[in-house]
Each structure stands twice: as C-alpha cells, then as structure tokens.
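Thanks for coming. I will go through the charged side chains of one model and then look at a single helix.

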Amino acid sequence: MCGIGGFYNCTGGSVPVKALKSLWKGLEARGTHAAGFAVQWTDADSPIVVKQPGPAHQLNGRLKKWIGRGGNTQFVMLHTRFTTQGSSDDNRNNHPVVSEGMIVTHNGVLYNDSDIIAQLGVTPVAEVDTEAINIGLRHRSPGWVLDEIDGSMSVAWVDSTNAPNEVNLMTNGENPLVIARTKSGDVVWASTKTILDQSQFKVKSFFHATP
C-alpha cells in the first residue's frame with residue numbers, strides 16, 4: 001500500500017501550498033518507508049524530483065523550498081511508499097521512479113515486472129517493480145501497460161522527454177484513485193476520497209477513476 005497524490009495548476013494562479021502539504025500529510029498514512037515528489041515550474045525544461053527514505057513530513061522543508069509561494073508551479077506529484085520490492089535504502093527504488101524519460105508514481109504491486117522488462121529488452125536501473133511501468137510506457141503505450149502488466153496499479157506519470165508539462169493519470173481498477181476539480185478550477189488527485197476530504201483543498205467535484 002502506497003499513497004499517490006498531487007496538484008495540477010489549470011488556472012495560472014498560485015499553488016495552495018498549505019493544502020498541498022495537508023494532502024501529503026494524509027498520504028503518509030499509506031506508507032512511511034520512503035517519500036518523494038516531483039515539481040514542474042512553468043518555465044522549466046523538466047521536473048525536479050526529490051525523494052528519500054523515511055516519512056513524508058521529513059521532506060516538508062524541501063517541498064516548501066522548491067514550490068516557494070507557488071506562483072510559478074505547473075504541477076506537483078506526491079508519493080508515500082510502503083516497500084514491497086526493492087529496498088527503500090536504495091533511493092532509485094523510491095518514488096517518483098525515474099527511468100526511460102518517465103517520472104512515475106505508483107500505488108500497487110506488480111507480479112510479472114521481470115517478465116515485462118525482459119520481453120522489452122531493457123536493462124532496469126533499479127529493483128522496484130514499478131520500473132516495468134516506466135519501460136512499458138516508453139516502449140509501448142498506456143493501454144499496453146494496463147493489458148499486459150499483471151498486478152494492481154494506480155499511476156500518475158510525466159513523460160519528461162516529450163511532454164514535461166503534462167501529468168497523466170490512470171488505474172487498472174485494482175487500487176483506488178480519486179480525481180477532483182477544486183473550486184478555483186484546478187485539478188487535485190489522491191489515493192482515496194477520505195485523504196482528499198481531510199486535506200485543505202476545497203473540492204467542487206470529483207470522481208473515482210476507472211480503467
């Protein structure tokens with residue numbers, strides 16, 4: 001069990017930093033072995049990725065540093081990790097997982113990741129099962145990932161090579177994912193509605209993502 005969440009700035013306003021930190025605090029209940037985030041500035045070539053072993057609150061200072069007042073931030077992706085494969089002491093295994101030009105946060109457990117990686121003929125950079133998603137997204141497609149990779153997955157990812165300002169969200173239905181529109185018109189997502197409700201985001205509408 002891991003936690004994924006984040007915020008996408010659709011309106012050009014400032015990121016609500018306090019609300020974002022409250023969302024990350026809620027996600028911490030889903031995993032404390034490691035935590036990480038990716039931040040994309042509106043004028044940057046690629047997102048900044050920060051992650052480390054330990055609970056999310058230990059990274060609050062660095063999150064605040066990279067977001068600042070939130071006026072130049074396109075999106076923030078959040079992850080809290082409950083380790084199932086790949087030691088959290090090796091930061092390459094922690095999320096966001098960075099490989100193949102993909103930045104991926106994943107909630108779930110995969111069962112045929114080794115077979116997928118071998119099938120596509122790619123040498124992995126880490127031991128975490130999530131990397132099979134990175135590789136599948138780069139060398140095949142999102143639909144292929146959902147059809148061919150066995151296990152549970154709710155995923156947020158960015159193709160930092162081709163579309164660094166776009167966040168993609170998907171689920172295969174085995175893990176929860178809630179996507180919401182805030183009253184200000186921006187987008188926020190979280191693993192569960194309870195975590196979203198407990199955050200400081202003011203939600204106008206939401207839906208539970210389906211495959």
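Let me start with how a patch is defined: patches are made of residues with over 30% relative accessible area and no salt bridge, with like charges joined within 9 Å and nonpolar side chains (Val, Leu, Ile, Met, Phe, Trp, Tyr) joined within 5 Å. A salt bridge here is a side-chain nitrogen of Lys or Arg within 4 Å of a carboxyl oxygen of Asp or Glu. Asp and Glu count as negative, Lys and Arg as positive, and His and the chain ends are not counted. The charge is placed at NZ of Lys, CZ of Arg, CG of Asp or CD of Glu. Accessible areas come from the Shrake-Rupley method with a 1.4 Å probe, and for residues only the protein chains shown count as cover.

This is a predicted model, where local features need pLDDT of at least 70 and side-chain atom pairs count only at pLDDT 80 or more, while totals for chains, interfaces and linings use all residues. Residues are numbered from 1 along each chain as its sequence is written, and side-chain values use heavy atoms, leaving out hydrogens and water.

Asp115, Asp147, Glu148 and Asp150 form a negative surface patch. Of these, Glu148 lies in helix H5, residues 142-148; helices (H or I, at least four residues) and strands (E, at least two) are DSSP runs numbered from the N terminus. Glu148 is partly exposed, at 37% relative accessible area; buried means under 20%, exposed over 50%, and partly exposed in between, with a 1.4 Å probe and protein chains only.

Asp115 takes us to helix H3, residues 113-120, where Asp115 is exposed along with Ser114, Ala118 and Gln119. Which residues of H3 are buried? They are Asp113, Ile116, Ile117 and Leu120. These four are on the same side of H3, because they cover an arc of only 95 degrees around the axis. The arc is taken from the directions from the helix axis to the C-beta atoms.

Now the salt bridges: the count is three. In one, Arg138 and Asp159 meet at 2.9 Å, N to O. That pair links distant parts of the chain, with Arg138 in helix H4 (residues 131-139) and Asp159 in strand E7 (residues 154-159), 21 residues apart. Asp159 is buried at 13% relative accessibility, whereas Arg138 is partly exposed at 24%.

Lys193 and Asp197 form another, at 2.7 Å. They are about one helical turn apart, because they sit four residues apart in helix H6, residues 193-198. Asp197 is partly exposed at 49%, and Lys193 is partly exposed at 22%.

Arg92 also bridges to Asp90, with the closest N and O atoms 2.9 Å apart. Asp90 is partly exposed, at 23%.
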